Amino acid sequence: MASSKGVRSRGLTWGALSTVAIGLLTTAVATPALAADKPAKPTIVLEHGAFADASSWNAVIKELRADGYPVVAAANPLRGPAHDAAALRSVLDHVAGPKILVGHSYGGSVISVAGANDPRSRPSCTSPPSCPPPARPPWS
């Protein structure tokens with residue numbers, strides 16, 4: 001019998017991977033290829049929720065890296081939405097090229113603020129209640 005933690009972990013992993021996949025499809029359609037034969041892959045930036053830490057993304061990171069994606073699992077200081085978004089923004093400022101931001105739960109709110117007004121960031125959430133409404137087309 002599977003433990004509830006194992007089932008929850010698998011659900012989080014599949015939810016996160018499906019969210020990243022949607023973001024990648026959007027990126028593939030909306031971003032022109034830098035090289036004719038091999039487009040650059042966006043960096044996936046993962047932001048955890050309120051009751052976790054960056055290590056909660058380990059299984060997702062392993063799969064994304066195996067597929068050749070650069071991945072950053074940002075530490076969330078959990079000091080409040082404005083402070084946490086500023087901390088993530090400082091991480092994003094050091095990531096070159098297009099970025100897909102993935103937030104779980106509270107992390108969805110953080111990525112919504114941190115990625116605002118950044119034309120190279122595409123926020124995506126694993127928990128729909130935390131997701132921002134689409135305010136602008138991707139990569140506009």
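Guide: Take one pair to begin with. In this predicted model, Asp118 forms a salt bridge with Lys99, and their closest N and O atoms are 3.8 Å apart. Asp118 lies in the loop between H4 and E4 and Lys99 in strand E3 (residues 99-103), so this pair ties together parts that are 19 residues apart in sequence.

Visitor: Is Lys99 buried or exposed?

Guide: Lys99 is buried, with a relative accessible area of 4%. Asp118 also counts as buried, at 9% relative accessibility; the cut-off for buried is under 20%.

Visitor: What is the general idea behind such pairs?

Guide: Side chains of opposite charge can pair when their charged atoms come close. Here, the side chains of Arg89 and Asp118 meet in a salt bridge at 3.0 Å, N to O. Arg89 lies in helix H3 and Asp118 in the loop between helix H4 (106-114) and strand E4 (121-125), so the two tie together parts that are 29 residues apart in sequence.

Visitor: Which side chain meets Asp93 in a salt bridge?

Guide: That of Arg89, at 3.0 Å from N to O. Asp93 counts as exposed at 53% relative accessibility, while Arg89 is partly exposed at 22%.

Visitor: How many salt bridges does the structure hold?

Guide: The structure holds 3.

Visitor: How do I read the buried residues of a helix?

Guide: An α-helix has 3.6 residues a turn, so residues three or four places apart point the same way. In H3, the buried residues are Asp84, Ala85, Leu88 and Leu92. They cover an arc of only 100 degrees around the axis, which puts them on the same side of H3.

How values were computed
Residues are numbered from 1 along each chain as its sequence is written. This is a predicted model: local features need pLDDT of at least 70, side-chain atom pairs count only at pLDDT 80 or more; totals for chains, interfaces and linings use all residues. Side-chain values use heavy atoms; hydrogens and water are left out. Buried means under 20% relative accessible area, exposed over 50%, partly exposed in between (1.4 Å probe, protein chains only). Helices (H or I, at least four residues) and strands (E, at least two) are DSSP runs, numbered from the N terminus. The arc is that of the directions from the helix axis to the C-beta atoms. A salt bridge is a side-chain nitrogen of Lys or Arg within 4 Å of a carboxyl oxygen of Asp or Glu.
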